[in-house]
Structures are given as C-alpha cells and as structure tokens.
Amino acid sequence: MKFGKKNYWLYILPAILLIGMFVYVPILQNFYFSLFKMNSYTDEKIFVGLSHYVRIFKDDVFYTSLKNNITYALISVICQVGLGTMLAIILESKLTGRLRNFYRNVLFIPSLISVTAVALLWYFIYNPNVGMLNAVLTKIGLENLTHAWLAEPDIAIYSVIAMSQWQYTGYIMILILVAIQKIPSELFEAAEIDGANVIQKALFVTIPNIKEMLLVTSVITVIGAFKLFTEIYVMTMGGPYNTTQVLGTYLYQSAFMFDEMGYASAIAVIIFAITFSASIFQIRMAKSGKG
Amino acid sequence: MKKNMTAKILINLFFLVLVAMIIYPMFWLVLNSLKTNSELYDNSLAFPIKAMWGNYKRAWDVGLSTYFFNSILISSITIAATVFLGAACAYGLVRSKSKYKDIIFFMILGGLLLSPQVALISLYKLLAAFHMYNTRWALIIPYIAFRLPFAVFLMRSYFLSFPIELEEAAYIDGYSTFQTFIKIVLPISRPILSATAIMTAIFVWNEFLFALVFIEDKAKMTVPIGLSNFKDALATDWTVLLAGIVISSIPMLILYLLMQKNFIKALAAGSVKG
C-alpha cells in the first residue's frame with residue numbers, strides 16, 4: 001500500500017452525512033415550508049405562495065422584533081466591543097498594576113455562567129418588590145429611580161439588553177486581550193522611542209493591529225444579537241405587550257404557541273438572510289484584511 | 001511621575017467599580033439562596049440569620065439532579081462524537097487527494113454560517129418522523145451536526161501543519177491508516193481536541209432552544225430548561241430557585257478553574273458566541 005493513495009472517504013463521510021441530514025436538509029426545507037400554511041398536528045399543507053412574506057412586512061410585531069434585535073446589536077457592539085476594547089487596552093498597558101489578573105478573571109466570570117442562569121438571576125434582580133436593583137437604589141436614596149424593570153413597556157427591552165452587557169463585555173474583552181498579546185512588542189517599543197504616550201500607542205499601534213479581531217468580535221456580536229432567544233424567553237416572554245419581542249421568540253411563539261408553522265418558517269428565512277449575510281461579510285472582510 | 005500615580009489610582013478605582021458591579025449581584029444571589037423566603041421578602045440586602053443549606057438540597061432533589069444527569073450524559077456523548085467524527089473528517093480532508101475535497105470543505109464551512117433557529121421547525125418535524133422526538137437523541141444528534149462544522153474547521157487548520165513524516169514512519173512500521181490515525185495523529189493533536197471539547201461543552205450546557213422544543217418529558221430535560229421551569233414550578237419558593245441557579249453555575253466555573261489557559265485558547269480559536 002503506497003502512501004497518498006489511501007481512501008479517506010470513510011473518515012469524511014459520517015460528518016458529511018450528519019451535517020447534510022440535520023443542518024442542510026432542515027434549512028432548505030424551511031424555505032419550502034415558508035410557502036405553505038401548516039400546523040404541527042397534521043401533515044396537510046396548503047400552498048400559499050409568498051403571502052407569508054407579504055404578511056410579515058405588514059406585521060407590527062415583526063417590526064418591533066426587528067427593531068429590538070437591531071437595538072440589541074447596536075448597544076452590544078458599542079458596549080461589548082467598544083468598552084471591551086478599552087478595558088483590554090488598559091489592562092494590557094500595565095497601568096492597573098498588580099491587580100491585573102484579578103480584574104481580568106472577575107470580568108470574565110459572568111460569561112461562564114449559562115445564559116439561563118444569568119437571565120433567571122436578573123429576573124430576580126429586576127423584581128420590583130424584593131429585587132436587588134430597587135433595594136440598592138432605595139438604600140442609597142435614589143428611590144425615584146426605582147422601576148418595574150421588566151414590566152414597563154418603555155424600559156423592559158433595555159433592562160434585558162443591560163443584562164447581556166453585564167454578562168458578555170468581559171468575554172469580548174478577553175478575546176481582544178488575546179489579540180493584543182499577539183502584537184510584537186517591538187512595535188510598542190518603537191512607538192515609545194518615538195515618544196508616544198499611552199493614548200497614542202493605543203490609537204496608532206494597538207488598534208490598527210487588532211483590526212481583524214475587532215471585526216470578528218463585532219460580527220459575532222451582531223450575529224449573536226439576531227440569535228437572541230433565551231434571555232427574552234426566560235425574562236419577559238416577549239411581553240409586556242410584545243415590546244420585548246425579538247425575531248427568535250416571535251418565531252417560536254408563531255410556531256409552537258399559535259401553531260402557524262408556515263408563518264414561523266418565513267420569519268426563520270428572514271433570520272437566515274440577516275445572519276448569513278453578516279457571516280459572509282465577516283469572511284470577506286477577514287480575507288481582504290489579511291491580503 | 002506624580003501624574004502617572006494619579007492615573008494609576010483613578011484607573012484602579014474605575015476597575016474596582018466594575019468589579020463591584022460584577023461581584024455584587026452574584027454575592028446577592030448566594031446570600032439570598034441561603035435565606036428563608038420571609039427573610040428574602042423582608043430585606044433582600046440583609047445577611048441570612050442562619051444559613052439555610054436545605055435550600056440547596058431541596059433544589060437538587062426537586063429536579064436538578066435529573067437535569068444534571070441528562071446534561072452530563074448528553075454533553076458527554078455530544079463531545080465524544082463531535083471530537084472524534086470532526087477529527088476524522090478534518091484528517092481525511094487534509095490527507096485525501098480527491099479533487100472534491102475543497103468543495104466538501106466549503107460545504108462543511110457553510111454549516112458554520114447557518115443559525116440553528118432557521119432549522120428549528122423542519123428539525124422538529126424530521127425528528128418526529130424518525131421517532132426521535134422527546135428522546136435524548138433529539139438533542140444529541142442535532143447538537144453533533146451543528147457543532148461538527150466548527151470542529152472540522154478548527155481541526156483542519158491544525159492538521160494542515162502536521163508533519164507527514166510521522167505518519168509515514170508509522171506506515172513503515174506496519175500501522176494501518178486507522179491505527180495511524182488513532183495512535184499517532186490523535187494523541188499529538190490533544191490541544192486542539194481539548195479546545196474543541198471545551199467549546200462543545202459550553203455549547204451543550206447553554207443550549208436552550210432545541211432543548212425547549214425537542215424534549216417534553218421532565219425526566220429527559222437538560223439543566224437550562226429544567227432551571228427555567230423552576231420559575232413556574234417554584235413560584236413562591238424563590239430561595240430554592242436561587243440555590244438552583246448557584247448549583248447550575250458551578251460546573252463551568254470549575255472547568256474554567258481547572259483549565260484556564262486551554263479555556264481562553266479555545267475561546268480565542270473559536271471566537272463564536274453561544
């Protein structure tokens with residue numbers, strides 16, 4: 001038997017079959033389903049063409065959901081990537097001294113806890129009667145700032161968004177930290193010889209050299225924002241009055257609570273279009289960044 | 001110099017405020033998980049009069065033990081299969097001389113871009129047709145399928161830099177392809193295998209949507225779903241629910257403490273959330 005002429009199909013096939021059967025087939029089938037009226041109990045399907053899509057673009061709840069996903073994405077990029085980068089740069093600049101590793105580990109901890117546990121914890125923190133937030137505000141004399149954080153339509157979605165920043169800013173910070181540590185130290189030394197201060201070093205050495213990681217983290221944050229589900233499901237179920245509805249929860253409710261599987265499939269197609277194009281954007285930018 | 005000192009103090013103050021914002025909610029959680037319900041209602045900021053460890057036992061007995069068992073079982077099988085099938089596929093793709101291998105790799109890579117939500121409804125119908133709905137396989141099989149693209153992607157780049165001479169030496173010693181893969185390739189690839197395993201573990205311990213839709217039976221539920229059901233089941237017994245939140249958070253914290261370096265490396269290599 002000569003090396004190089006071996007047959008590797010047996011190695012490749014199991015993975016391909018699984019991915020094909022349980023990833024590709026369902027996603028392709030989802031496009032097909034979106035053209036039918038159907039429910040979970042029967043196999044009966046009524047062809048309705050593109051009418052689900054027409055309905056989506058007239059659906060107020062869909063627009064609220066989309067708006068919430070976009071708001072979530074924007075705030076998350078600003079806070080997690082923006083603030084996360086700032087924190088990473090400060091930690092790497094050694095200005096924090098001895099406590100550096102302590103800060104790093106503490107900020108990272110929330111991302112180790114499962115989203116469900118964090119969402120439940122914050123469900124209690126936001127509880128208007130016994131929750132931590134109102135109790136602390138009352139204690140420090142800011143009683144007029146207390147709210148029913150998850151029950152007031154104007155602020156509920158921001159309460160959920162705030163929790164995610166609490167959970168994930170440290171995670172993004174760590175990813176950026178790793179990227180900063182890969183920058184050759186000569187670059188910083190050269191900048192120091194040229195008399196650059198901390199801010200100049202950050203702007204002209206650090207940031208240009210971690211461009212790719214900034215892009216990757218921004219895109220995964222945006223994609224994550226459009227996959228949002230658990231937080232909303234656990235904390236508000238889309239309420240009050242659908243004000244915290246996001247595409248993921250709206251899809252779930254349409255399919256499994258209102259039993260409109262075809263309509264839900266059409267919502268899924270929208271989610272697909274958004275997350276898929278964001279991923280393609282990431283890949284193309286990463287390629288051009290390297291070249 | 002003095003200016004530098006002030007900057008240092010201000011920056012440390014800033015970080016200490018952040019640390020307080022992170023730690024205090026968790027401290028509040030642990031504090032209240034050790035109280036009686038009336039103490040919690042009375043003043044949630046106060047210390048417990050007497051630590052009620054019984055809350056933890058109750059949370060464990062009322063369902064968490066089952067959910068833990070399911071999560072551990074499902075994540076073990078998912079991790080083992082993802083790592084093994086992913087490694088085999090990545091290795092096959094690197095060593096194969098087939099002209100189709102690039103197309104296949106791009107197809108697998110495409111799987112990375114597909115959001116699980118989009119497959120939810122079709123998978124639900126598919127699993128029902130295969131009589132897998134409401135069995136643990138309804139989670140295991142889709143989890144493996146959705147983690148494989150990432151595993152193959154990660155391991156392929158590792159195998160590409162793998163010295164082929166080692167394998168050639170093994171063939172000269174009379175090893176078969178499979179023996180070479182198991183005894184030479186896999187052991188040397190430990191770092192990347194463990195990175196994949198860690199990422200898969202994080203995924204399974206967090207996954208909510210599939211676990212919510214594909215499992216109905218309380219006895220087969222995983223920790224995230226079981227925990228979120230506590231919210232209704234224990235409507236008035238909040239301190240027990242808080243204890244449940246603490247218990248459910250422990251495995252990942254331990255995993256992080258045990259393998260901090262690998263953990264960060266895995267995350268950096270993965271750069272994928274959730």
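Entry one, the interface. I found 75 residues of chain B in contact with 65 residues of chain A (contact: C-beta atoms, placed from the backbone, within 7 Å). On the side of chain B that touches chain A, helix α1 (residues 2-33) of chain B gives the most, with 12 residues (helices are DSSP runs of H or I, at least four residues, numbered from the N terminus). By class, that side of chain B has 53 nonpolar, 16 polar and six charged residues (nonpolar: Ala, Val, Leu, Ile, Met, Phe, Trp, Tyr, Cys and Pro; charged: Asp, Glu, Lys and Arg; polar: the others, Gly among them).

Note on the source. This is a predicted model, in which local features need pLDDT of at least 70 and side-chain atom pairs count only at pLDDT 80 or more, while totals for chains, interfaces and linings use all residues. Residues are numbered from 1 along each chain as its sequence is written, and chains are lettered from A and ligands numbered from 1 in the order in which they are written.

Entry two, a helix pair. I looked up α7 (residues 156-181) and α10 (residues 211-226) of chain A, whose axes come within 10 Å and cross at roughly 160° (axes are lines fitted to C-alpha atoms over the stretch in contact; angles run from 0 to 180 degrees between N-to-C directions). Therefore α7(A) is roughly antiparallel to α10(A) (angles over 145 degrees). A:I172, A:L175, A:I176 and A:A179 in α7(A) meet A:M213, A:T217 and A:T221 in α10(A).

Note on methods. Two residues are in contact if their C-beta atoms, placed from the backbone, lie within 7 Å. Angles under 35 degrees count as roughly parallel, over 145 as roughly antiparallel, 65 to 115 as roughly perpendicular and the rest as oblique.
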